[in-house]
Amino acid sequence: MTGVLAVAGGTASGKSTLAEALSLRWPETVALVHLDDYYVPAHDPLRGVWTVSADGHAVLDWNHPGSIDETAAAHAIDAALRRPGVLLVVVEGLFALSLPSVVRRAAWRVYVETPDDIRLARKILRKIEAQRQDPRLSLRNYLQTGRDRHAAHVAPSRAAADLVVDGTASEAEMLAAVMPLIGPALTPLPAAPSQARQVCGVPDTPGAPALAM
């Protein structure tokens, strides 16, 4: 039976790296759902949560779960679950352990934890390299709303995780950390008990301590 793995963490924590590594390792059996693809339209001021950026413009608050179209995200997860051959659907995003419709569907829950200074440095570098954004704007937005939004809406979801992964670890180390949790899902059950030994699942243990890397 296809299962859902929810991967949450702060901005630039490494959650996308982990999710995409799983997809690349098992491209035929792992489907990805990026919650970043399901923000409400930025041109629709009647939906989502809005804020004022550090440069004085009204903008959609990307750091608030109320800006995600949760219904659309849930439909995407359900569609991925129905895809032939898919054994694992990985849902990654800031609010993967905050949105009720995602949490209800998740058989396994992972939080990628990375120190705030490293996350901020990664984000600024990403903004400079991908968008040529002035780093001063990123820093002001972080101080104005980003830091508080993380503390209010992302960091508390760590308590819902079955496993906390070190986001400063290598990609290979992060993969190795989650495999005891999801490995059984990636191994199809045998056709009949007499033909092969059944694989036992890993029990759900909410609030598990952080994995030492």
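**Overall fold**

The structure is a predicted model. The protein chain has 213 residues, of which 43% count as buried. It contains six helices and seven strands. Read along the sequence, these elements follow the pattern β-α-β-β-β-α-β-α-β-α-α-β-α. Taking contacts between residues at least 6 apart in sequence, 75% join residues at least 24 apart.

**The sheet**

Five strands form an open sheet in the order β2-β5-β1-β6-β7, and their pairing is parallel. β2 (30-34) and β7 (163-166) stand at the edges with a single partner strand each, so one side of each has no neighbour in the sheet. On average, neighbouring strands of this sheet are turned by 25 degrees against each other, direction ignored. Strands of a sheet pair through backbone hydrogen bonds, either parallel or antiparallel.

In the order of the sheet, β1 stands between β5 and β6. Strand β1 covers residues 3-9 and pairs in the parallel sense with β6, residues 108-113, over five bridges. Individual bridge partners can be named on both sides of β1. Towards β6, V7 has V110 as its bridge partner, and A6 has R109. Towards β5, the bridge partner of L5 is V90.

How many of the seven residues of β1 are buried? Seven of the seven are, and the strand is described as mostly covered. The cover extends to both faces: G3, L5, V7 and G9 are buried on one side, and V4, A6 and A8 are buried on the other.

Helix α6 (residues 171-182) lies across β1, β5 (88-92), β6 and β7, and runs at about 165 degrees to β7.

**Pocket and cavity**

Rolling a probe the size of a water molecule over the atoms shows where empty space is left. The structure holds one cavity of 30 Å³ or more.

| Space | Volume | Lining by class | Element giving the most |
|---|---|---|---|
| Largest pocket | about 900 Å³ | 10 nonpolar, 16 polar, nine charged residues | α5, seven residues |
| Largest cavity | about 130 Å³ | four nonpolar, five polar, three charged residues | α5, five residues |

The largest pocket has a volume of about 900 Å³. It is lined by 35 residues, and those closest to its centre are T11, W62, N63, K123 and K127. The elements that give two or more residues to this lining are α1 (15-25), β3 (50-52), β4 (58-60), α4 (116-131) and α5 (135-154).

The lining of the largest cavity consists of G10, T11, N63, L94, R119, L120, K123, Y142, G146, R149, H150 and V154. Here the elements that give two or more residues are α4 and α5. T11, N63 and K123 are named both among the residues closest to the centre of the largest pocket and in the lining of the largest cavity.

L60 belongs to strand β4. Is L60 buried or exposed? Its relative accessibility is 3%, so L60 counts as buried. Leaving aside neighbours within four places in sequence, L60 is in contact with Y39, V40, R47, G48, V49, W50 and S67. L60 and P41 lie 19 residues apart in sequence, and their C-alpha atoms are 8.6 Å apart in space.

S138 is part of helix α5. With a relative accessible area of 5%, S138 is buried. Which residues does S138 touch, not counting those up to four places away in sequence? The residues are I124, K127 and Q133. One of them, K127, is also listed among the residues closest to the centre of the largest pocket.

Methods. Residues are numbered from 1 along each chain as its sequence is written. This is a predicted model: local features need pLDDT of at least 70, side-chain atom pairs count only at pLDDT 80 or more; totals for chains, interfaces and linings use all residues. Side-chain values use heavy atoms; hydrogens and water are left out. Two strands pair if DSSP finds at least two bridges between them. Axes are lines fitted to C-alpha atoms, for helices over the stretch in contact, and angles run from 0 to 180 degrees between N-to-C directions. Contact means heavy atoms within 4.5 Å. On a 1 Å grid over the protein atoms alone, a cavity is a set of points where a 1.4 Å probe fits but cannot get out, and a pocket is an open set with protein on both sides within 12 Å along at least five of seven lines; lining residues have an atom within 4 Å of a point. Grid points are joined across faces, edges and corners, and a volume is the space filled by probe spheres set on the points. Ala, Val, Leu, Ile, Met, Phe, Trp, Tyr, Cys and Pro count as nonpolar, Asp, Glu, Lys and Arg as charged, and the others, Gly among them, as polar. Buried means under 20% relative accessible area, exposed over 50%, partly exposed in between (1.4 Å probe, protein chains only).
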